[in-house]
Amino acid sequence: MITDFQKRVFIVARNIPRGQVLTYGEVARRLGDKNLARAVGNALNKNRDSKVFCHRVVRSDGRVGGFNSGMARKIKLLRGEGVKIKKGRIISPFLKGD
DNA sequence: AGGGTGACCCGCT
DNA sequence: CAGCGGGCCACCC
């Protein structure tokens, strides 16, 4: 059973353009509350059917974060979209590790 | 109703 | 860079 909250998270994740990433915190901000970041991860984790785009959601410190199907897979998907990942860190001007 | 969990975030040391 | 601690939230016993 998917909750209304999970639905909103899913919608935001789906709207992330290919080759681009958003942090859990940014997703939370889009939902209205910065502090939802933790709950966002929780939601994505439960939504196993949506594993297709949830890989575009990463941590604010530049690390990829987790993935229900394994983060190795997550990194592969991101690389496949042209996202640069160096030593486990995503290269993006929006993230700390740039 | 109350406590535990987790794909988090921020600040400080 | 690596820990630690506190805060926040939805969800599941």
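User: How far is the side chain of Lys46 from a sugar or linking oxygen of DNA strand C?
Analyst: In this predicted model, an N or O atom in the Lys46 side chain is 2.2 Å from a sugar or linking oxygen of DNA strand C.

User: And what about Asn35, how far is a polar side-chain atom from a sugar or linking oxygen there?
Analyst: For Asn35 that distance to DNA strand C is 3.2 Å. Asn42 goes for a base nitrogen of DNA strand C, with a polar side-chain atom 3.4 Å away.

User: OK, which helix gives the most to the surface near DNA strand C?
Analyst: Helix 3, with 4 residues. Helix 1 (4-14) and helix 3 (37-46) are the elements that give two or more residues.

User: Which residue classes show up on that surface?
Analyst: Near DNA strand C there are 3 nonpolar, 4 polar and 2 charged residues.

User: Switching topic: at what angle do helix 1 and helix 2 pack?
Analyst: At about 115°, with the axes 10 Å apart. Angles of 65 to 115 degrees count as roughly perpendicular, so that's what we call helix 1 and helix 2.

User: Which residues make the contact?
Analyst: Helix 1 brings Phe5, Arg8, Val9 and Val12, and helix 2 brings Val27, Arg30 and Leu31. By class, that contact has 5 nonpolar, no polar and 2 charged residues.

User: Is the crossing left-handed or right-handed?
Analyst: Helix 1 passes helix 2 in a right-handed crossing.

How values were computed
Residues numbered from 1 in each chain as written. Chains lettered and ligands numbered in written order. Predicted model: local features only at pLDDT ≥ 70, side-chain atom pairs only at ≥ 80, totals over all residues. Heavy atoms only, no water. Polar contact = N/O pair within 3.5 Å; in protein donor to acceptor, adjacent residues only side chain to side chain. Nonpolar A, V, L, I, M, F, W, Y, C, P; charged D, E, K, R; others polar. Axes fitted to C-alpha atoms, helices over the stretch in contact; angles between N-to-C directions. Parallel < 35°, antiparallel > 145°, perpendicular 65-115°, else oblique. Left-handed = near helix turned anticlockwise from the far one by under 90°. Contact = heavy atoms within 4.5 Å.
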